[in-house]
Structures are given as C-alpha cells and as structure tokens.
Amino acid sequence: MEKMLFRLSDHDDFFSRRCVWVNGPVIVGAGPSGLAVGACLKEQGVPFVVLERAECIASLWQNRTYDRLKLHLPKQFCQLPKMPFPESFPEYPTKKQFINYLESYAKRFEINPRFNECVQSAKYDETCGLWRVKTVAAAAASSCNGGNHSEVEYICRWLVVATGENAERVVPDIEGLGEFRGNVMHACEYKSGETFRGKRVLVVGCGNSGMEVSLDLCNHNAVPSMVVRSSVHVLPREVFRKSTFELASMMMRWLPLWLVDKLMLILAWLVLGNIEKFGLKKPSMGPLELKNTLGKTPVLDIGALEKIRSGDIKVVPGIKRFFPGSVELVNGEKLDIDSVVLATGYRSNVPFWLQESQFFCKNGFPKASFPNGWRGDAGLYAVGFSRRGLSGTSMDAMRIAQDIGNVWKQETTQKPKTTACHRRSISQF
C-alpha cells in the first residue's frame with residue numbers, strides 16, 4: 001500500500017521529514033464520510049490511507065456530542081454504502097448505537113486509519129503531478145516545540161477531503177463574555193443537564209443543538225433561556241407517523257421544490273400551530289430551499305416546542321452584552337444567569353490546511369453545489385460537504401470510489417510502458 005520514498009522532487013524541504021508514498025488516495029478524516037469512501041474503494045480494489053487527527057473514528061460523535069443525541073432522520077436515510085443498520089436498531093438510533101455501527105463498519109471493510117495525525121497542509125505539486133500532504137503528530141500539533149521527528153509527508157495521486165462540514169466549533173465574539181464569571185461552554189462540550197440542576201442557563205442558538213440542549217436542561221430541572229437572534233424553521237419530526245424528511249423526499253420526486261416547501265409549511269402549521277407568537281419567526285425562504293442554498297438545517301422538533309409553550313424554556317432575543325453575573329438583551333431586558341451554553345454551530349476547517357483555491361470557497365465548501373461538488377481537478381475530491389446529510393455523503397462516496405476505481409483498473413491492467421514522464425516514473429517507484 002505504501003513505500004518509503006528516497007527521491008521525489010528537487011524541493012529543498014523534501015528530505016527534512018519522513019516521506020511516504022501512498023499507492024492510491026489519501027483520505028483526510030475518519031468520520032462517516034472518510035469511512036464511506038474507504039469502504040467503496042475497498043470494493044473497487046483500490047488501496048488507500050486514512051489520516052485522522054483524533055485518537056478514534058467519528059471523533060465528533062464520540063467526543064463532541066451530548067448524551068441524549070439520536071439521529072434526526074430514520075436509519076434508512078443515514079446508513080453508509082454497502083452496509084445497512086442492524087434490524088434490531090430503532091428507527092432513530094441513539095448516539096451509542098450509531099458509534100457502534102460505525103465501528104462495525106470500519107472493522108468489516110478493514111479500514112484502519114492512522115490516528116493522531118494532524119494534517120498541516122496539502123498542496124498539489126505541479127512539478128511531479130502529485131499531492132503532498134504534510135502531517136504532524138496531534139500531540140506535537142498542539143505544542144509549540146513539536147520537532148521534525150513527528151512530521152510525515154504523504155505523497156499521493158489522489159486526495160479525498162473528508163473532514164466535513166462540522167470540523168471546528170464556532171465561538172462568537174460577544175461583548176463582555178470574557179467578564180462573565182459563570183461557566184461558559186460550547187455545545188460540543190455539553191454532555192448532560194445533570195450538572196445544571198437548579199441553574200439558570202442561557203443557551204445561545206436555536207438550531208437543532210440549541211433546542212435539544214434546552215430540552216435536556218428542562219428535563220434535568222434547570223431553567224433555560226434560549227437566544228433566538230434570527231428566524232428559524234421548526235418542523236415536526238414526523239407527520240401522520242411518517243418521517244418529515246421521508247415525506248419531503250417523496251414529494252420532491254413529482255413536485256417542484258417551491259411547492260414542496262409550501263406544503264411542508266402547511267403541514268407544520270397543522271401539527272405545531274402558530275409558533276411565531278412564541279418568538280420563533282419563520283424565514284422568508286422555504287425550509288428546503290434554505291437548506292440547499294445556505295446550508296441552514298430546519299429544526300426537527302422532538303419536544304422542545306411543548307416546553308416553550310409551557311414557559312419552561314424561555315425564548316429571548318439577541319444579546320447586547322454580558323456582565324459578571326447577568327446578560328443584557330437587545331430589547332433592554334437583563335437576565336441573571338449562572339451558565340452559558342454556546343449552541344452556535346460549526347464550520348469547515350479546509351481553508352486552514354488545503355492550499356487550493358479553484359475547487360473550495362473561502363468558507364471551506366466546494367464552489368459547485370450538489371450534486372456536482374464532489375470532484376475537482378488534479379485528483380482532488382470532497383465528501384461530506386453536500387449539505388444533504390449522510391445520504392448525500394453516501395452518494396458522493398460512491399461517485400468518488402467509482403471515478404478513482406475506473407482509472408485504477410485501467411492503469412493496473414495495462415502493460416507497463418517506458419516513458420520519460422516524471423510523474424510516471426514516480427508512480428512506478
């Protein structure tokens with residue numbers, strides 16, 4: 001699968017680190033996206049290497065999610081290619097069940113990521129026509145004095161970016177937050193409301209995480225206030241005992257998107273009623289159009305709305321500034337609070353390490369929208385950026401593996417040719 005390289009190019013820094021030739025693609029990220037590509041490549045007979053900065057697969061799910069989390073969509077829309085969920089799993093698997101599924105998936109397809117390898121940079125070398133992916137041991141990456149002994153450079157023909165949409169947490173710059181004396185955490189650090197019993201907690205954000213954290217705090221007898229700064233779509237998770245997502249998918253087969261949006265909003269009104277009177281204003285754009293264009297996911301209600309109606313979750317407007325033991329809102333109201341949970345979302349980290357500007361935007365997403373955002377030039381691919389959840393990830397993973405597999409099979413079945421091409425000579429090393 002790999003061979004040590006002793007000569008590759010004339011770059012001055014080439015010999016300053018250990019270099020590894022990967023006889024196939026390098027996949028950056030061992031979450032569901034990276035695992036899906038790996039499994040599909042296995043089916044194509046293509047070797048690969050998966051690099052992961054954490055010490056486990058699916059580190060977002062294992063280390064940065066709250067305990068009560070379940071899949072928001074039915075399991076048939078969340079399974080990865082080539083392996084369905086066990087029949088014994090419920091329709092909405094728990095966090096633990098989903099992690100077990102991913103670990104079984106990696107074991108079945110013999111995917112063995114290289115853990116604790118943090119990618120520092122990836123750049124296409126036009127001189128040799130190959131990708132150069134530089135990594136450092138994760139411990140050294142977080143230290144100021146990590147030496148060259150921990151650095152590795154992987155040389156490959158194909159690079160698959162599988163770090164996903166939620167690689168880094170977003171922490172907003174709010175006036176006075178540094179002066180607040182209570183506990184401040186991001187939603188990725190929140191596990192359970194057990195430690196917040198009797199506490200007044202300000203939850204900043206009203207997406208799926210903000211709603212679920214607020215609900216969990218209620219269930220543990222905390223007193224949550226949820227900041228709703230902008231408009232948000234709230235849909236029932238199920239309509240007439242059928243998944244809202246499944247229903248929308250069925251309608252999309254025959255109806256235009258704008259009409260499906262209108263029908264979904266009518267159904268939401270019939271099931272949930274008028275939610276604007278609780279401070280939850282609807283966006284002007286429909287839920288599906290908003291998801292497709294801006295990547296903003298509608299909230300699928302699993303009980304938070306009932307708590308909002310009863311007053312157990314207080315909806316408040318945007319924040320003006322924090323004080324040592326309180327917060328001032330934009331409407332002038334002041335709230336005494338004990339803790340803050342920032343349910344302010346995540347972002348892609350691709351711009352921080354991928355030295356490329358043709359395929360990816362500055363926000364770390366492919367410039368081309370779904371279904372055309374999976375392939376770039378010079379052997380560059382992206383998976384997990386479709387804004388279509390795990391079903392979109394699976395589609396992209398199969399396309400990527402098929403594309404690489406076609407080239408791989410064609411070249412491995414050809415008779416070796418003698419050529420002066422620098423790229424060819426490297427491939428045969």
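**Entry 1**

Buried stands for under 20% relative accessible area, exposed for over 50%, and partly exposed for what lies in between, with a 1.4 Å probe and protein chains only. I note that the model is predicted, that local features need pLDDT of at least 70 and side-chain atom pairs pLDDT 80 or more, and that totals for chains, interfaces and linings use all residues. Residues are numbered from 1 along each chain as its sequence is written, and side-chain values use heavy atoms, with hydrogens and water left out.

I then checked the geometry of these rings. Phe365 and Phe385 form an edge-to-face aromatic pair, with 5.9 Å from centre to centre and 85° between the planes. The rule pairs rings of Phe, Tyr and Trp (its six-membered ring) with centres within 6.5 Å; planes under 30 degrees apart are stacked, over 60 edge-to-face, and the rest tilted. The pair links distant parts of the chain, 20 residues apart: Phe365 is in the loop between strand S22 (346-347) and strand S23 (380-382), and Phe385 is in the loop between S23 and helix H10 (389-413). Helices (H or I, at least four residues) and strands (E, at least two) are DSSP runs numbered from the N terminus.

I also looked up Ser386, which lies in the loop between S23 and H10. Ser386 has a relative accessible area of 7%, so I list this residue as buried. Leaving out residues up to four places away in sequence, Ser386 touches Glu165, Phe370, Gly392, Thr393 and Asp396; contact means heavy atoms within 4.5 Å.

**Entry 2: other rings**

How many aromatic pairs does the rule give? The count is 15. I took Tyr101 and Tyr105 next: their ring centres are 6.1 Å apart and their planes are at 40°, so this pair is tilted. Both tyrosines are in helix H3 (residues 95-108), and because they are 4 residues apart there, about one helical turn separates them. Tyr101 is buried at 2% relative accessibility, and Tyr105 is buried at 0%.

I found Tyr101 and Tyr105 again in one aromatic cluster, together with Trp61, Phe85, Phe89, Phe98 and Phe109.

Next I searched for charges over rings (NZ of Lys or CZ of Arg within 6 Å of the ring centre and within 35 degrees of the ring normal). The charged end of Arg237 sits over the ring of Tyr92, 3.8 Å from its centre. Lys334 lies over the face of Phe323, 4.7 Å from the ring centre.

**Entry 3: salt bridges**

I searched the whole structure for salt bridges and got 16. The criterion is a side-chain nitrogen of Lys or Arg within 4 Å of a carboxyl oxygen of Asp or Glu.

I noted Glu168 with Arg53, at 2.8 Å from N to O. Their pair links distant parts of the chain, 115 residues apart: Glu168 is in strand S9 (residues 168-169), and Arg53 is in the loop between strand S4 (49-51) and helix H2 (59-63). Glu168 is partly exposed at 27% relative accessibility, and Arg53 is partly exposed at 33%.

The closest N and O atoms of the salt bridge between Glu194 and Arg197 are 3.1 Å apart. Glu194 is partly exposed with a relative accessible area of 43%, as is Arg197 at 40%.

**Entry 4: surface and totals**

I looked for nonpolar patches on the surface. Ile266, Trp269, Leu270 and Val271 form one, with about 430 Å² of accessible area together. Patch members have over 30% relative accessible area and no salt bridge; like charges are joined within 9 Å, and nonpolar side chains (Val, Leu, Ile, Met, Phe, Trp, Tyr) within 5 Å. Trp269 is in helix H7 (residues 257-272) and is exposed, at 54% relative accessible area.

The chain has 11 helices and 23 strands, and buried residues make up 51% of its 429 residues. Its accessible surface is about 20,900 Å², 50% of which belongs to carbon and sulfur atoms; areas come from the Shrake-Rupley method with a 1.4 Å probe, and for residues only the protein chains shown count as cover. Among the chain's contacts with a separation of 6 or more, 66% are between residues 24 or more positions apart.
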